[in-house]
Amino acid sequence: MAISDPDRAPDGPTDPTPTEPRGDGGEPVDGASAQADPDAEDVTESAGAIDVSPARPWWRRYAEEHVAHLVVIVVLGAYPLLHSALVASPVGAEATMLLPDIETMTAVLYFGLFAMSFDFVSGYTGYLSFGHAVFYGTGAYFVIVAANGKLPLVPHTTPFLVLLVLGGLLATVLALVIGVVSFRLSGVYFAMITLGVSQVAYVLVRDWGFLASNPRDGPFVVGPEGAAAPVFSVGIPFVDPLNLDIGVLTGDSVVLGPLSLGSTEVSFYMVGLVVLVCYLALQRLVHSPFGRVLVAIRENEERARAIGYDTFRYKLAAFAVSGFFAAVAGGLFAGFRRSASPDNSFFFLVTGDALLASIIGGFGTLAGPLYGRLLDETVREFLSKEGAGGGLLPYLRDTLPESVLATDIAGLTVQGAIETFLNGHASLYIGLVFVAFVLFVPGGLLGYVRARVGGPIAKQVARRIRGEN
């Protein structure tokens, strides 16, 4: 693992020779452990295996290295059209039952960004931030309170993207304050102190009348008294003439030739655009020398400190970056829902959902939490009482004949069995899925696939394109 950083302490060792990952006791990590660590492979490949031949144009190398990402972007971009086509097809009932609807996919995007921000600090430094919801809630509340004209120096007409950045900066300052105290501890003590701070913030916003007329229900976007409520447009302020509004009921509709996109579809694309930019920024950081030092801290903090890195500063910077993007995710959530509450923004279980997405998708893989959240939302909707996209329960009620529903099996009718085992038990089955992943797929979805193909998927695809395998 090659680590190079110009900010190393001047009095540190002069030999930055790459070292093998080692256990806490200083012994070399065995081969199985090294193979199970996807980031260790990622860093190694980034350091030495990328083709940097000057004969290959940079744009070609870049395209080869990002084919897998482009495929994911294309699939997500085509999802609204595919969903509409399948729902209108002869298998529309089955498609409605199985596929999450566009509104759910929008929620997957912004919450996936929050889970990525959580994974950036917890998965790459090894410090579990159980109170990460405080940054998500800060971004959400900042957008709404500013839109209601309650913040001095921030007019309610401030462009939405500017509000996202300002909310992110506020969360960054908050993260620095929390981090200065929290990173003096480690392990479970760090997790507990972040959780404690988050709960203090939760109680504060739940009882602070300045934020909302009923603070326990949370604020809504109503605008200043006597003025219309602002819309939230995604686009470069004062430059992009195609600023498009997001929102469940307040978003824009667009007609592009034969395509007609409703407000939900437009919101999906606009939120997805912001999430994509944030993901690329986080990915750039992960693959930078800064990100490699974070991995070194996770693998063996004492060794990273011994070779001259000020690990406290690196952890604090990672925490601040993570807080910024968590607040952006919260701002997207507030902009799309136009409301927030203490329970769906500041509460510690919001962080629990991010942890769940990270473990299912792959801890320390950055993109994994997005896939984890997608699986989480898909299973929840599939097993919900009245899933927004359909779900299994409504499908069985509508398609099974009465004679089947009335069939008695061991004293319980099919109708009764459906209601007993499916109605309102989505969280129970999600819990079972979580336990199964922890026991049998500890690397998560992305970690499992990486182990199967022998490394990061994008790198393996690029190698196959270059004919190296």
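Helices are DSSP runs of H or I spanning at least four residues, numbered from the N terminus. The views below show a predicted model, in which local features need pLDDT of at least 70, side-chain atom pairs count only at pLDDT 80 or more, and totals for chains, interfaces and linings use all residues. Residues are numbered from 1 along each chain as its sequence is written, and side-chain values use heavy atoms, with hydrogens and water left out.

**View A. Arg373 and Glu377 in helix 15.** Arg373 and Glu377 are four residues apart in helix 15 (residues 368-383), which means that about one helical turn separates them. Their side chains meet in a salt bridge (a side-chain nitrogen of Lys or Arg within 4 Å of a carboxyl oxygen of Asp or Glu), with an N to O distance of 2.8 Å. Salt bridges with shared partners link Arg373, Asp376, Glu377 and Arg380 into one network.

**View B. Glu301 and Arg305 in helix 11.** Both residues belong to helix 11 (residues 289-306), where they lie four residues apart, about one turn of the helix. Glu301 counts as buried, at 15% relative accessibility, whereas Arg305 is partly exposed, with a relative accessible area of 43%; buried means under 20% relative accessible area, exposed over 50%, and partly exposed in between (1.4 Å probe, protein chains only).

**View C. Asp207 and Arg216.** The side chains of Asp207 and Arg216 form a salt bridge at 3.5 Å, N to O. Asp207 is partly exposed, its relative accessible area being 44%. A search of the whole structure finds eight salt bridges.

Technical notes. Helix = DSSP H or I, 4+ residues; strand = E, 2+ residues; numbered from the N terminus.
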